[in-house]
Amino acid sequence: MAAAYYIGCCGKEREVENITISDLFDLRETMAKELFDGVKYPWEVLPRIHDFIVELGKRLPRELYEERGENIWVARSASVAPTACLNGPLIIDEEAEVRHCAYIRGNVIVGKGTVVGNSTELKNVILFNKVQVPHYNYVGDSILGFRAHMGAGSITSNVKSDKTPVTVKNGSAVLETGLKKMGAMLGDYVEVGCSSVLNPGTVVCRNSNIYPVSMVRGVIPADSIFKAPGEIAAKRK
């Protein structure tokens, strides 16, 4: 996979620092902590999710988790509606709630205390603990940090219209991910307003808010409020 570099002044390569895993996420708030070992940028783990879940599932304590199908592990304390569609590899952690007609397509970890709502679709994602995707959300090829919340009807778009590899635009930097499918990386405590679209390669840093009915691309700084493209305000302390 291509490294996340951009060409700076004098033609020298420089790494982009403010969107690393440690900038975005508290890894104590996910059972997938080991998945991020040795990795700098969060999207680098997306191709590894399938194999990681298969291996982790085999190690889960059977007194806490039951296997409900091939490579599908569900915590005994989790609540899963009988109308939900579960496809593996999948782990649903303790005290999670998967509601009516949720569609989980596979390669998914649903964190502890997370809510996956009615008609929400998940594919190749890591949801940290206490995430909420509660109403008509599509989340694909994405990572949502601790207590991130997506309002009703908000979605991640994970494929560019011209089908070329996704880039992450961070100011003047353009980072090559090498991925044809990448949705959004949402840091801890991010709030996404209703009916917003997060375009491929979007990164929303910790503790930031997205206005409802927004179209978002690129990197949104930490502690910010995204109102419209080109209109981002710093949160008041």
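A salt bridge is taken here as a side-chain nitrogen of Lys or Arg within 4 Å of a carboxyl oxygen of Asp or Glu. The model is predicted, so that local features need pLDDT of at least 70 and side-chain atom pairs count only at pLDDT 80 or more, while totals for chains, interfaces and linings use all residues. Residues are numbered from 1 along each chain as its sequence is written, and side-chain values use heavy atoms, with hydrogens and water left out.

**View 1. Salt bridge between R68 and E66.** The two side chains meet at 3.2 Å, N to O, and this pair is one of nine salt bridges found in the whole structure. R68, with a relative accessible area of 42%, is partly exposed, a class that lies between buried (under 20% relative accessible area) and exposed (over 50%), using a 1.4 Å probe and protein chains only. E66 is also partly exposed, at 26%.

**View 2. Salt bridge between D188 and R206.** The side chains of D188 and R206 meet at 3.2 Å, N to O. D188 sits in the loop between β19 (184–186) and β20 (191–192) and R206 in the loop between β22 (202–204) and β23 (209–210), so the pair ties together parts that are 18 residues apart in sequence; strands are DSSP runs (E, at least two residues), numbered from the N terminus. D188 is buried, with a relative accessible area of 2%, whereas R206 is partly exposed at 25%.

View 3. The whole structure contains zero disulfides, each defined as a pair of cysteine sulfur atoms within 2.5 Å.

Conventions:
Helix = DSSP H or I, 4+ residues; strand = E, 2+ residues; numbered from the N terminus.
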